Amino acid sequence: MSQELYKKAVATAAVEWLRGKVGADTVLGVGSGSTVRHFISALATAELRCAGAVAASESSAELLRATGVRVLDLNEVGELPIYVDGADEADAELRLIKGGGGAMVREKIIASAAREFLCLVDEGKMVERLGVFPLPVEVLPIARGAVERALRERGGEVELRAGFISDNGNEILDVRGLDFGKPLDLEAELNQLPGVVGNGVFARR
């Protein structure tokens with residue numbers, strides 16, 4: 001089965017899982033990326049009615065509106081019952097690397113506002129240890145050089161994501177070679193670097 005068919009299969013399974021859990025008054029959190037695009041399409045085809053959705057990216061918001069789903073601001077909604085998103089890597093303890101699409105900061109914010117996080121991954125995304133996929137780090141443009149140096153001091157091989165600006169107006173550094181022995185500590189440590197807006201380690205939950 002191709003990777004796209006795997007993504008479509010997990011997206012369809014997610015919609016089926018939501019049946020009975022989502023009603024006309026439910027507001028969903030919806031992430032970003034290729035698997036989420038399949039999820040939004042499956043959601044429309046299944047005619048699963050909800051009150052609206054909070055989207056983690058402008059591209060997801062556009063897709064949701066195109067399928068007739070009302071897009072809401074998180075500040076209007078507060079706590080969400082369920083957040084649905086994919087991941088670039090997941091380990092056996094359900095710690096993730098996200099941000100291949102560059103939306104990990106908004107994804108983390110919306111995920112933190114949800115009681116449940118339904119993560120859509122197929123077996124190809126499961127790894128014994130995180131870190132095969134380069135870790136995205138969102139930085140303020142003025143801090144890019146300083147953050148690059150700090151990441152290299154930690155053993156990272158840093159590459160600026162060329163021609164890409166996040167929905168927040170910031171740049172993305174893709175980093176290989178960091179020590180993922182303690183993902184929770186790494187997530188917190190990187191967030192403390194001045195100029196880092198957020199990183200793609202999802203280990204706290």
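Helix H5 (104-112) contributes three residues to the lining of the largest pocket, the most of any element. Helices (H or I, at least four residues) and strands (E, at least two) are DSSP runs, numbered from the N terminus. The structure is a predicted model, in which local features need pLDDT of at least 70 and side-chain atom pairs count only at pLDDT 80 or more, while totals for chains, interfaces and linings use all residues. Residues are numbered from 1 along each chain as its sequence is written, and side-chain values use heavy atoms, with hydrogens and water left out.

A pocket is defined on a 1 Å grid over the protein atoms alone, as an open set of points where a 1.4 Å probe fits, with protein on both sides within 12 Å along at least five of seven lines; lining residues have an atom within 4 Å of a point. Grid points are joined across faces, edges and corners, and a volume is the space filled by probe spheres set on the points. The largest pocket has a volume of about 350 Å³. Its lining comprises 15 residues, of which Leu 94, Leu 96, Phe 117, Phe 202 and Arg 205 lie nearest the centre. Strand E6 (114-120), like H5, supplies at least two residues of this lining. By class, ten lining residues are nonpolar, one is polar and four are charged; Ala, Val, Leu, Ile, Met, Phe, Trp, Tyr, Cys and Pro count as nonpolar, Asp, Glu, Lys and Arg as charged, and the others, Gly among them, as polar.

Leu 94 lies in the loop between strand E4 (89-90) and strand E5 (96-97). The phi angle of Leu 94 is near 65 degrees, a positive value in a residue other than glycine. Leu 94 is exposed (over 50% relative accessible area, with a 1.4 Å probe and protein chains only), at 61%.

Phe 202 has Lys 108 over its face, at 4.8 Å from the ring centre. A charge sits over a ring if NZ of Lys or CZ of Arg is within 6 Å of the ring centre and within 35 degrees of the ring normal. Arg 161 lies over the face of Phe 164, at 5.3 Å from the ring centre.

E4, E5 and E11 form an open antiparallel sheet in the order E4-E5-E11. E4 and strand E11 (201-202) stand at the edges, each with a single partner strand, so one side of each lacks a neighbour in the sheet. Strands pair if DSSP finds at least two bridges between them; E4 and E5 are joined by two. Glu 89 stands opposite Ile 97 in E5.

Key: Buried means under 20% relative accessible area, exposed over 50%, partly exposed in between (1.4 Å probe, protein chains only).
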